[in-house]
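Welcome, and please take a moment to look over the chain before reading on.

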Amino acid sequence: MDLSTLQAVGPTLSALATATLAFLTFFSVRAARSTAREMYESRLAHFRPLLYAVLKLPGSDSDKSPRLFIRNVGPGPAMDINICCDGDLYSRDHIAFFGPGQKVELPTGYNRGGRRRERYEVRVSVRFKDIFNNPITINTFYQYEPGAAERLVFPKDTTMEGKITGRYKPG
């Protein structure tokens, strides 16, 4: 290549190199923001409560209704907890504060006059806030048969809603 060819192609190569550097800078900034977000979420995870609900059956020969067993399996405290149990069982309760590892058993009652059924379906909604005032809702769905051999009924389906993590705001 001679000098005149380099002078003709030079501005094109310079523009191409500048565009490449801008492209690489864009992805570098994007990766740095993603890393900062993950670090922030990791720090929040050390304070996030997680309330886990299980139904405890009274036994095969008892006419008592099951009890709702709730435990905070997360490392952070939960505040302003509202518990709502609907379906074949009902229960409503409010707990102001629930620390890590804390557990409670709540009574439930039968809906529909307490008639015996072949299969019971229960929906439990637990709404609470973490220490940063982020609202979190855990919805669980249970199915069980009366007189089941197991004393604990674990959820068939669980969903978690709400602001699970805060937004990272640099600066």
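Four strands form an open sheet in the order 5-2-1-9, with antiparallel pairing. At its edges stand strand 5 (103-107) and strand 9 (152-153), each with a single partner strand, so one side of each has no neighbour in the sheet. Strands here are DSSP runs of E with at least two residues, while helices are runs of H or I with at least four residues, and both are numbered from the N terminus. Two strands count as paired if DSSP finds at least two bridges between them. Strands of a sheet pair through backbone hydrogen bonds, either parallel or antiparallel.

Before going further, a word on what you are looking at: this is a predicted model, in which local features need pLDDT of at least 70, side-chain atom pairs count only at pLDDT 80 or more, and totals for chains, interfaces and linings use all residues. Residues are numbered from 1 along each chain as its sequence is written, and side-chain values use heavy atoms, with hydrogens and water left out.

Buried means under 20% relative accessible area, exposed means over 50%, and partly exposed lies in between, using a 1.4 Å probe and protein chains only. A polar atom of the asparagine 72 side chain lies 3.0 Å from the backbone nitrogen of glycine 74.

Now turn to strand 3 (residues 78-87). A hairpin of one residue joins strand 3 to strand 4, and strand 3 pairs with strand 4 (residues 89-98) in the antiparallel sense over seven bridges. Along this pairing, asparagine 82 stands opposite histidine 94 in strand 4. Strand 3 also pairs with strand 7, again in the antiparallel sense and over seven bridges. Here cysteine 85 stands opposite valine 124 in strand 7.

What of the cysteines? The structure holds zero disulfides, a disulfide being a pair of cysteine sulfur atoms within 2.5 Å. The sulfur of cysteine 84 has its closest cysteine sulfur in cysteine 85, but they are 7.4 Å apart, so the distance is too far for a bond. Cysteine 84 is buried, with a relative accessible area of 17%, and cysteine 85 is buried as well, at 0%.

Finally, let us look for empty space. Rolling a probe the size of a water molecule over the atoms shows where such space is left. The structure holds two cavities of 30 Å³ or more. A cavity is a set of points, on a 1 Å grid over the protein atoms alone, where a 1.4 Å probe fits but cannot get out, and its lining residues have an atom within 4 Å of a point. The second largest cavity contains about 30 Å³ of space, where volume is the space filled by probe spheres set on the points, and points are joined across faces, edges and corners. Its lining is made of Leu51, Tyr52, Ala53, Val124, Val126, Ile138 and Thr140. The elements that give two or more residues to this lining are strand 1 (51-56), strand 7 (120-129) and strand 8 (135-144). Strand 1 provides the largest share, three residues. Leucine 51, found in strand 1, is buried, with a relative accessible area of 4%.

Definitions and conventions: 1 Å grid on protein atoms, 1.4 Å probe; cavity = no way out; pocket = protein on both sides within 12 Å on 5 of 7 lines; lining within 4 Å. Polar contact = N/O pair within 3.5 Å; in protein donor to acceptor, adjacent residues only side chain to side chain.
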